[in-house]
Amino acid sequence: MWKSNPDGGPERLVALADGVFAIAITLLVLDFYVPRGLDTAQYHAALHELIPNFGAYALSVLVLGVFWREHRRIFGFVRQIDGQVITLSIVGLSVAALVPFPTKLIAEYGREPASVAIYAGAVAALGAAHLALLVLLARRPWLRGEAAPPEGFRLFAADLAVTVVVFLLSVPLALVVGAAAMWLWLAMAPVKVVLGLRADRAR
């Protein structure tokens with residue numbers, strides 16, 4: 001069992017997270033490119049070829065934006081950090097920095113089952129890191145601003161758990177049905193809306 005030795009406030013870790021998420025979102029647009037010297041037909045064809053890139057970009061901006069918001073919400077509970085909080089945060093940030101790669105796979109090889117599975121696995125891993133961080137803080141009240149978990153703490157964890165479970169289930173599903181597995185991601189939206197509303201009322 002690791003010892004929990006408080007190691008200062010969370011400000012620098014939050015600033016690092018802000019930077020990583022900002023860079024990851026910026027990297028999503030680096031593959032947007034239209035060659036020079038095209039005639040009208042070639043120009044329109046090149047723009048048409050970018051449509052999957054825009055779709056994958058929008059999806060990943062949404063994913064990274066939501067997880068950035070959740071990361072800030074988690075650290076809104078934190079007064080002190082320790083080695084395990086730092087470790088779990090770095091694990092999550094390393095996955096966030098990786099998201100542009102599966103995004104490119106989805107954009108360029110979206111019909112390949114492996115592309116969907118890799119993307120889903122990355123999002124599930126990012127959610128799992130956030131969930132593990134939240135559970136750790138729930139068990140270490142001395143790191144938080146309050147002695148007990150805030151109202152809605154369990155609902156917050158449930159919201160993250162839904163993301164992890166849905167994306168994790170879509171990994172094997174993608175290997176069977178291919179890109180159609182992405183419809184499962186939309187199915188979790190109503191559940192997350194309900195959980196979010198309940199959490200807002202509980203705070």
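Reader: How many aromatic pairs does the count come to?

Author: Happy to start there, and keep in mind that this is a predicted model. Two rings pair if their centres lie within 6.5 Å. By this rule the count comes to five.

Reader: What kind of aromatic pair do Phe32 and Phe54 form?

Author: A pair of aromatic rings is described by the distance of the centres and the angle of the planes. For Phe32 and Phe54 the centres are 4.7 Å apart and the planes are at 85°. Planes over 60 degrees apart count as edge-to-face, so the pair of Phe32 and Phe54 is edge-to-face.

Reader: How many residues apart in sequence are the parts that this pair ties together?

Author: Phe32 sits in the loop between helix 1 (11-27) and helix 2, while Phe54 belongs to helix 3. The pair therefore ties together parts whose separation in sequence is 22 residues.

Reader: Are Phe32 and Phe54 buried, exposed or partly exposed?

Author: Buried means under 20% relative accessible area, and exposed means over 50%. Phe32 has 23% relative accessibility, and Phe54 has 47%. Both values fall in between, so Phe32 and Phe54 each count as partly exposed.

Reader: Which residues do ring pairs link into a cluster with Phe32?

Author: Phe54 has already come up as a partner of Phe32. Ring pairs link Phe32 into a cluster with Phe54 and Tyr57.

Reader: How are helix 2 and helix 3 oriented to each other?

Author: Helix 2 covers residues 40-49, and its axis is 4 Å from that of helix 3, at an angle of about 30°. Angles under 35 degrees count as roughly parallel. Because of that cut-off, helix 2 and helix 3 are roughly parallel.

Reader: Which residues of helix 3 meet helix 2?

Author: Helix 2 brings Leu47, His48 and Glu49 to this contact. By class, the residues of the contact divide into three nonpolar, two polar and one charged. On the helix 3 side are Ile51, Pro52 and Asn53.

Reader: What about helix 3 and helix 6: how are they oriented to each other?

Author: Helix 3 spans residues 51-75 and helix 6 spans residues 113-139. Their axes come within 11 Å and cross at roughly 10°. That angle makes helix 3 and helix 6 roughly parallel.

Reader: How many nonpolar residues does the contact of helix 3 with helix 6 have?

Author: Helix 3 contributes residues including Leu59, Val63, Phe67 and His71, and helix 6 contributes residues including Tyr119, Val123 and Leu126. Four residues of the contact are polar and one is charged. The nonpolar residues come to 11.

Reader: Is Ser115 buried or exposed?

Author: Ser115 lies in helix 6. Leaving aside neighbours within four places in sequence, Ser115 is in contact with Leu105, Ile106 and Tyr109. Its relative accessibility is 4%, so Ser115 counts as buried.

Reader: How far apart in space are Ala17 and Trp68?

Author: Ala17 is found in helix 1 and is buried, with a relative accessible area of 0%. Beyond its neighbours within four places in sequence, Ala17 is in contact with His71 and Leu93. Ala17 and Trp68 are 51 residues apart in sequence, yet from C-alpha to C-alpha the distance is 7.8 Å.

Reader: Finally, what share of the residues in the protein chain is buried?

Author: The protein chain has nine helices and zero strands. Of the 203 residues, the buried share is 40%.

Conventions
Residues numbered from 1 in each chain as written. Predicted model: local features only at pLDDT ≥ 70, side-chain atom pairs only at ≥ 80, totals over all residues. Heavy atoms only, no water. Axes fitted to C-alpha atoms, helices over the stretch in contact; angles between N-to-C directions. Helix = DSSP H or I, 4+ residues; strand = E, 2+ residues; numbered from the N terminus. Parallel < 35°, antiparallel > 145°, perpendicular 65-115°, else oblique. Contact = heavy atoms within 4.5 Å. Nonpolar A, V, L, I, M, F, W, Y, C, P; charged D, E, K, R; others polar. Buried < 20%, exposed > 50% of the residue type's maximum accessible area, 1.4 Å probe, protein only. Phe/Tyr/Trp six-rings, centres within 6.5 Å; stacked < 30°, edge-to-face > 60°.
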